[in-house]
Amino acid sequence: MAVKSFPVEFSHIMMFARSVGDDNPIYHDPDYAKSSAMGSVIAPPTFVQASAQFDPDYGLRPKIGKPWFGSGKEPTGIKREPGGGGGGGGGGLHAEQHYEYHQPLRAGDVLTATSMPGKTWEKEGKRGGKLMFSENVTEYRNQKGELVVTARGVGVRTERPADPA
Amino acid sequence: MTTTLKTKDLKVGDSFTQRLVEDLKRTQIVQYAGASGDYNPLHTDEIFTTKVAGYPSVFAHGMLTMGMTGKMLTDHVGDGRLTKYGVRFTSQVWPGDTLDATATVQKVFEQDGEKRVEFEVSTKNQNGVEVLKGYAEARVD
(Lines give C-alpha, C1' and ligand atoms only; values in the text may rest on other atoms or scores of the structure.)
Protein backbone atom coordinates (compact mmCIF):
# COMPACT_ATOMS: atom_id res chain seq x y z
CA MET A 1 0.00 0.00 0.00
CA ALA A 2 1.21 3.47 -0.79
CA VAL A 3 -0.85 6.50 0.18
CA LYS A 4 0.35 9.86 -1.08
CA SER A 5 -1.98 11.97 1.00
CA PHE A 6 -4.13 10.93 3.95
CA PRO A 7 -5.70 14.09 5.38
CA VAL A 8 -6.65 13.34 8.99
CA GLU A 9 -9.96 15.16 9.32
CA PHE A 10 -12.04 15.96 12.36
CA SER A 11 -15.30 14.45 11.06
CA HIS A 12 -13.56 11.27 9.93
CA ILE A 13 -12.07 10.87 13.42
CA MET A 14 -15.52 11.45 14.94
CA MET A 15 -17.11 8.77 12.74
CA PHE A 16 -14.28 6.31 13.32
CA ALA A 17 -14.45 6.76 17.11
CA ARG A 18 -18.24 6.28 17.00
CA SER A 19 -17.84 3.06 15.04
CA VAL A 20 -15.59 1.55 17.72
CA GLY A 21 -17.98 2.69 20.46
CA ASP A 22 -15.66 5.37 21.86
CA ASP A 23 -17.41 8.55 23.05
CA ASN A 24 -14.26 10.14 24.49
CA PRO A 25 -14.68 13.90 23.78
CA ILE A 26 -10.99 14.15 22.76
CA TYR A 27 -12.18 12.58 19.46
CA HIS A 28 -15.20 14.82 18.76
CA ASP A 29 -15.24 17.98 20.88
CA PRO A 30 -12.72 20.66 19.79
CA ASP A 31 -13.48 22.90 22.79
CA TYR A 32 -12.88 20.08 25.23
CA ALA A 33 -9.75 19.04 23.31
CA LYS A 34 -8.37 22.59 23.38
CA SER A 35 -8.65 22.72 27.15
CA SER A 36 -7.17 19.22 27.61
CA ALA A 37 -3.52 18.23 27.94
CA MET A 38 -3.53 17.19 24.27
CA GLY A 39 -4.50 20.69 23.12
CA SER A 40 -6.42 19.54 20.05
CA VAL A 41 -8.57 16.71 18.70
CA ILE A 42 -6.48 13.57 18.28
CA ALA A 43 -7.18 10.28 16.53
CA PRO A 44 -7.84 6.99 18.37
CA PRO A 45 -5.07 4.35 18.44
CA THR A 46 -6.19 2.30 15.43
CA PHE A 47 -7.26 5.23 13.22
CA VAL A 48 -4.46 4.90 10.64
CA GLN A 49 -6.24 1.76 9.44
CA ALA A 50 -8.63 4.20 7.73
CA SER A 51 -5.82 5.17 5.35
CA ALA A 52 -7.45 2.49 3.17
CA GLN A 53 -9.93 5.25 2.20
CA PHE A 54 -7.06 7.13 0.53
CA ASP A 55 -5.31 4.17 -1.12
CA PRO A 56 -6.32 4.27 -4.81
CA ASP A 57 -5.55 0.57 -5.22
CA TYR A 58 -7.28 -0.70 -2.09
CA GLY A 59 -9.03 -3.93 -3.09
CA LEU A 60 -11.82 -4.01 -0.51
CA ARG A 61 -13.64 -0.89 -1.74
CA PRO A 62 -16.04 -1.06 -4.68
CA LYS A 63 -14.55 0.83 -7.64
CA ILE A 64 -16.94 2.94 -9.70
CA GLY A 65 -17.94 1.10 -12.87
CA LYS A 66 -16.06 -2.08 -11.93
CA PRO A 67 -17.53 -5.47 -10.91
CA TRP A 68 -17.80 -6.04 -7.14
CA PHE A 69 -17.84 -9.41 -5.44
CA GLY A 70 -20.62 -8.60 -2.93
CA SER A 71 -24.26 -9.55 -3.52
CA GLY A 72 -26.77 -7.76 -5.74
CA LYS A 73 -29.19 -9.67 -7.96
CA GLU A 74 -26.92 -12.65 -7.40
CA PRO A 75 -25.13 -13.65 -4.18
CA THR A 76 -21.91 -12.39 -5.76
CA GLY A 77 -21.14 -9.99 -8.56
CA ILE A 78 -18.05 -11.95 -9.58
CA LYS A 79 -17.98 -15.67 -10.30
CA ARG A 80 -14.79 -17.25 -9.14
CA GLU A 81 -13.24 -20.66 -8.55
CA PRO A 82 -14.42 -22.46 -5.43
CA GLY A 83 -12.00 -22.64 -2.49
CA GLY A 84 -9.61 -19.99 -1.28
CA GLY A 85 -11.99 -19.09 1.50
CA GLY A 86 -11.48 -16.25 3.86
CA GLY A 87 -10.52 -13.61 1.39
CA GLY A 88 -13.55 -13.84 -0.85
CA GLY A 89 -11.35 -12.27 -3.50
CA GLY A 90 -10.25 -9.68 -1.04
CA GLY A 91 -6.82 -10.88 0.03
CA GLY A 92 -7.28 -13.02 3.12
CA LEU A 93 -8.09 -12.36 6.75
CA HIS A 94 -6.28 -10.18 9.22
CA ALA A 95 -4.24 -12.26 11.70
CA GLU A 96 -2.22 -9.67 13.63
CA GLN A 97 -1.79 -5.92 13.89
CA HIS A 98 0.92 -4.02 15.74
CA TYR A 99 1.41 -0.28 16.20
CA GLU A 100 4.22 1.86 17.51
CA TYR A 101 3.23 5.43 18.34
CA HIS A 102 5.93 8.07 17.93
CA GLN A 103 3.75 11.13 18.54
CA PRO A 104 0.00 11.90 18.78
CA LEU A 105 -1.91 11.90 15.49
CA ARG A 106 -3.91 15.14 15.28
CA ALA A 107 -6.88 16.35 13.28
CA GLY A 108 -5.36 18.54 10.58
CA ASP A 109 -2.29 16.35 10.05
CA VAL A 110 -1.70 15.11 6.53
CA LEU A 111 -0.03 11.71 6.43
CA THR A 112 1.83 9.80 3.78
CA ALA A 113 2.10 6.03 4.08
CA THR A 114 4.79 3.80 2.64
CA SER A 115 4.65 0.03 2.97
CA MET A 116 7.27 -2.66 2.72
CA PRO A 117 6.53 -6.37 2.51
CA GLY A 118 7.91 -8.36 5.45
CA LYS A 119 8.25 -12.07 6.18
CA THR A 120 6.02 -14.82 4.80
CA TRP A 121 5.43 -18.22 6.45
CA GLU A 122 3.06 -21.21 6.47
CA LYS A 123 1.38 -23.15 9.22
CA GLU A 124 -0.95 -26.14 9.34
CA GLY A 125 -4.26 -24.81 10.70
CA LYS A 126 -6.90 -26.73 12.64
CA ARG A 127 -10.04 -25.23 11.17
CA GLY A 128 -9.24 -23.97 7.69
CA GLY A 129 -6.53 -26.25 6.21
CA LYS A 130 -3.10 -24.80 5.45
CA LEU A 131 -2.54 -21.20 6.60
CA MET A 132 -0.36 -18.85 4.59
CA PHE A 133 0.85 -15.75 6.48
CA SER A 134 2.38 -12.57 5.10
CA GLU A 135 3.61 -9.46 6.86
CA ASN A 136 3.55 -5.82 5.84
CA VAL A 137 5.18 -2.83 7.54
CA THR A 138 3.77 0.67 6.95
CA GLU A 139 5.30 3.95 8.07
CA TYR A 140 2.99 6.93 8.49
CA ARG A 141 4.68 10.33 8.33
CA ASN A 142 3.09 13.74 8.85
CA GLN A 143 3.32 16.92 6.75
CA LYS A 144 6.67 17.73 8.39
CA GLY A 145 8.09 14.36 7.38
CA GLU A 146 8.06 13.16 11.01
CA LEU A 147 7.27 9.55 11.79
CA VAL A 148 3.90 9.38 13.58
CA VAL A 149 2.93 5.69 13.57
CA THR A 150 4.65 2.49 12.45
CA ALA A 151 2.19 -0.29 11.66
CA ARG A 152 2.96 -3.97 11.13
CA GLY A 153 0.12 -6.10 9.82
CA VAL A 154 -0.03 -9.85 9.28
CA GLY A 155 -2.52 -11.30 6.83
CA VAL A 156 -3.51 -14.95 6.50
CA ARG A 157 -5.04 -16.89 3.66
CA THR A 158 -6.77 -20.20 4.26
CA GLU A 159 -7.42 -23.11 1.93
CA ARG A 160 -11.13 -23.07 2.87
CA PRO A 161 -13.37 -21.00 5.16
CA ALA A 162 -12.48 -21.57 8.81
CA ASP A 163 -15.13 -23.49 10.74
CA PRO A 164 -16.86 -21.30 13.28
CA ALA A 165 -15.08 -21.22 16.63
CA MET B 1 -10.32 11.51 29.41
CA THR B 2 -7.96 13.03 31.88
CA THR B 3 -6.83 9.89 33.69
CA THR B 4 -3.12 9.66 34.20
CA LEU B 5 -1.68 6.54 35.72
CA LYS B 6 1.05 6.97 38.30
CA THR B 7 3.83 4.41 38.68
CA LYS B 8 3.32 4.30 42.44
CA ASP B 9 -0.24 3.08 41.89
CA LEU B 10 0.75 0.34 39.43
CA LYS B 11 1.56 -3.17 40.61
CA VAL B 12 2.45 -6.15 38.43
CA GLY B 13 -0.67 -8.28 38.13
CA ASP B 14 -3.12 -5.38 38.56
CA SER B 15 -5.85 -5.54 35.97
CA PHE B 16 -8.50 -3.30 34.47
CA THR B 17 -11.55 -4.71 32.68
CA GLN B 18 -14.11 -2.92 30.54
CA ARG B 19 -17.23 -4.14 28.70
CA LEU B 20 -16.67 -3.18 25.06
CA VAL B 21 -20.00 -4.14 23.57
CA GLU B 22 -23.11 -6.04 24.52
CA ASP B 23 -24.96 -7.93 21.77
CA LEU B 24 -22.85 -6.60 18.87
CA LYS B 25 -25.10 -5.36 16.09
CA ARG B 26 -24.54 -5.80 12.37
CA THR B 27 -25.13 -2.05 12.09
CA GLN B 28 -22.04 -1.33 14.20
CA ILE B 29 -20.00 -3.55 11.87
CA VAL B 30 -21.41 -1.52 8.95
CA GLN B 31 -20.41 1.69 10.76
CA TYR B 32 -16.87 0.39 11.12
CA ALA B 33 -16.76 -0.63 7.45
CA GLY B 34 -17.79 2.88 6.44
CA ALA B 35 -15.35 4.66 8.73
CA SER B 36 -12.35 2.41 8.12
CA GLY B 37 -12.90 1.91 4.40
CA ASP B 38 -12.75 -1.90 4.67
CA TYR B 39 -15.89 -2.82 2.71
CA ASN B 40 -15.15 -6.56 2.52
CA PRO B 41 -18.65 -8.11 2.11
CA LEU B 42 -17.66 -10.79 4.67
CA HIS B 43 -18.39 -8.16 7.30
CA THR B 44 -21.56 -6.57 5.96
CA ASP B 45 -23.19 -8.73 3.29
CA GLU B 46 -25.03 -11.69 4.84
CA ILE B 47 -26.02 -13.17 1.46
CA PHE B 48 -22.48 -13.18 0.05
CA THR B 49 -20.97 -14.42 3.32
CA THR B 50 -23.37 -17.34 3.83
CA LYS B 51 -24.03 -18.37 0.20
CA VAL B 52 -20.68 -17.72 -1.45
CA ALA B 53 -18.00 -17.65 1.25
CA GLY B 54 -19.60 -20.41 3.34
CA TYR B 55 -19.62 -18.80 6.79
CA PRO B 56 -22.65 -19.01 9.14
CA SER B 57 -23.06 -15.20 9.14
CA VAL B 58 -21.14 -11.99 8.63
CA PHE B 59 -18.48 -11.35 11.27
CA ALA B 60 -16.70 -8.31 12.68
CA HIS B 61 -13.49 -6.90 11.27
CA GLY B 62 -10.59 -7.90 13.52
CA MET B 63 -9.75 -4.22 13.51
CA LEU B 64 -13.18 -3.38 15.00
CA THR B 65 -12.31 -5.58 17.98
CA MET B 66 -8.85 -3.99 18.15
CA GLY B 67 -10.43 -0.52 17.96
CA MET B 68 -12.96 -1.30 20.71
CA THR B 69 -10.20 -2.81 22.86
CA GLY B 70 -8.19 0.38 22.25
CA LYS B 71 -10.95 2.33 24.02
CA MET B 72 -10.41 0.21 27.14
CA LEU B 73 -6.69 1.04 26.96
CA THR B 74 -7.01 4.79 26.40
CA ASP B 75 -9.73 5.05 29.06
CA HIS B 76 -7.25 3.41 31.44
CA VAL B 77 -3.94 5.09 30.50
CA GLY B 78 -5.20 8.46 29.24
CA ASP B 79 -5.13 10.25 25.89
CA GLY B 80 -2.02 10.23 23.73
CA ARG B 81 -0.07 8.00 26.13
CA LEU B 82 0.17 4.71 24.27
CA THR B 83 3.60 3.96 22.84
CA LYS B 84 2.86 0.44 21.57
CA TYR B 85 -0.25 -1.63 20.96
CA GLY B 86 -0.27 -4.95 19.16
CA VAL B 87 -2.65 -7.90 18.92
CA ARG B 88 -3.36 -11.28 17.39
CA PHE B 89 -6.93 -12.07 16.36
CA THR B 90 -7.47 -15.46 17.97
CA SER B 91 -11.13 -16.12 17.20
CA GLN B 92 -13.86 -14.55 15.12
CA VAL B 93 -16.35 -12.06 16.54
CA TRP B 94 -19.95 -12.53 15.43
CA PRO B 95 -23.08 -10.36 15.58
CA GLY B 96 -24.67 -10.89 18.98
CA ASP B 97 -21.36 -11.27 20.80
CA THR B 98 -20.67 -9.49 24.08
CA LEU B 99 -17.02 -8.58 24.61
CA ASP B 100 -14.99 -7.73 27.70
CA ALA B 101 -11.40 -6.49 27.48
CA THR B 102 -8.76 -6.69 30.20
CA ALA B 103 -5.35 -5.07 30.56
CA THR B 104 -3.00 -6.63 33.13
CA VAL B 105 0.19 -4.92 34.26
CA GLN B 106 3.27 -6.93 33.21
CA LYS B 107 6.01 -4.52 34.22
CA VAL B 108 6.70 -0.93 35.17
CA PHE B 109 10.00 0.42 33.84
CA GLU B 110 11.91 3.43 32.56
CA GLN B 111 12.87 4.06 28.97
CA ASP B 112 14.27 7.20 27.31
CA GLY B 113 13.96 8.96 30.65
CA GLU B 114 10.22 8.23 30.82
CA LYS B 115 8.23 5.98 33.11
CA ARG B 116 6.36 3.30 31.22
CA VAL B 117 3.98 0.46 31.88
CA GLU B 118 3.53 -2.69 29.84
CA PHE B 119 0.22 -4.52 29.78
CA GLU B 120 -0.96 -7.88 28.58
CA VAL B 121 -4.23 -7.34 26.72
CA SER B 122 -7.01 -9.87 26.31
CA THR B 123 -10.54 -9.59 24.96
CA LYS B 124 -13.03 -12.40 25.53
CA ASN B 125 -16.54 -13.12 24.32
CA GLN B 126 -19.59 -14.15 26.37
CA ASN B 127 -18.42 -17.79 26.30
CA GLY B 128 -15.01 -16.94 27.71
CA VAL B 129 -13.32 -17.51 24.34
CA GLU B 130 -10.38 -15.18 23.77
CA VAL B 131 -10.95 -13.27 20.52
CA LEU B 132 -7.96 -10.93 20.79
CA LYS B 133 -4.65 -11.33 22.59
CA GLY B 134 -1.89 -8.78 22.70
CA TYR B 135 0.11 -6.18 24.55
CA ALA B 136 0.27 -2.44 25.07
CA GLU B 137 2.83 -0.04 26.43
CA ALA B 138 2.15 3.48 27.71
CA ARG B 139 3.87 6.47 29.28
CA VAL B 140 2.87 7.04 32.89
CA ASP B 141 3.58 9.79 35.42
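In the predicted model, strands β1 (residues 15-21) and β3 (residues 99-111) of chain B run antiparallel and share 6 bridges. Within this pairing, Val21(B) faces Leu99(B) of β3(B). On pairing with strand β4 (residues 114-124) of chain B, β3(B) forms 11 bridges, again in the antiparallel sense. Here Ala103(B) lies opposite Val121(B) of β4(B). The hairpin of β3(B) and β4(B) has 2 residues between its strands. Asp112(B) adopts a positive phi near 50° in this hairpin. Confidence in chain B can be stated directly. Its mean pLDDT is 95, and 98% of the residues of chain B reach 70 or more. For the model as a whole, ipTM is 0.96 and pTM is 0.93.

Chain A contains 2 helices and 5 strands. Along the sequence, these elements of chain A follow the pattern β-α-α-β-β-β-β. Chain A comprises 165 residues, of which 35% count as buried. Sequence separation was also examined for its contacts. Among contacts in chain A between residues at least 6 apart in sequence, 65% link residues at least 24 apart. Strands β4 (residues 130-141) and β5 (residues 147-158) of chain A pair in the antiparallel sense, with 11 bridges. Arg141(A) has Leu147(A) of β5(A) as its bridge partner.

The contact between the chains draws 43 residues from chain A and 47 residues from chain B. On the side of chain A that touches chain B, α1 (10-19) and β2 (93-101) each supply at least two residues. The most comes from β2(A), with 8 residues. By residue class, this side of chain A divides into 22 nonpolar, 16 polar and 5 charged residues. Strand pairing also crosses between the chains. β2(A) pairs with strand β2 (residues 82-89) of chain B in the antiparallel sense, over 5 bridges. In this pairing, Glu96(A) stands opposite Arg88(B) of β2(B).

The strands of the two chains join in an open sheet of 10 strands with antiparallel pairing. Its order is β1(A)-β3(A)-β4(A)-β5(A)-β2(A)-β2(B)-β5(B)-β4(B)-β3(B)-β1(B). At the edges stand β1 (2-7) of chain A and β1 of chain B. Each edge strand has a single partner strand, so one side of each is left without a neighbour in the sheet. Neighbouring strands of the sheet are turned by 20° against each other on average, direction ignored. Strands of a sheet pair through backbone hydrogen bonds, either parallel or antiparallel.

The largest nonpolar core holds 72 residues. Ile13(A), Val149(A) and Ala136(B) touch the most other members of this core. Helix α3 (residues 62-77) of chain B gives the most to the core, with 7 residues. The surroundings of Val149(A) were listed separately. Leaving aside neighbours within four places in sequence, Val149(A) is in contact with Val48(A), Tyr99(A), Glu100(A), Tyr101(A), His102(A), Leu105(A) and Tyr140(A). In soluble globular proteins, nonpolar side chains tend to be buried together.

Note on methods. Residues are numbered from 1 along each chain as its sequence is written. Chains are lettered from A and ligands numbered from 1 in the order in which they are written. This is a predicted model: local features need pLDDT of at least 70, side-chain atom pairs count only at pLDDT 80 or more; totals for chains, interfaces and linings use all residues. Two strands pair if DSSP finds at least two bridges between them. Helices (H or I, at least four residues) and strands (E, at least two) are DSSP runs, numbered from the N terminus. pLDDT is the predictor's confidence in each residue, from 0 to 100. Two residues are in contact if their C-beta atoms, placed from the backbone, lie within 7 Å. Ala, Val, Leu, Ile, Met, Phe, Trp, Tyr, Cys and Pro count as nonpolar, Asp, Glu, Lys and Arg as charged, and the others, Gly among them, as polar. A residue is buried if 20 or more other C-beta atoms lie within 10 Å of its own, exposed if 12 or fewer, and partly exposed in between; C-beta atoms are placed from the backbone. Axes are lines fitted to C-alpha atoms, for helices over the stretch in contact, and angles run from 0 to 180 degrees between N-to-C directions. A nonpolar core is a set of buried Ala, Val, Leu, Ile, Met, Phe, Trp, Tyr and Cys residues joined through C-beta atoms within 7 Å.
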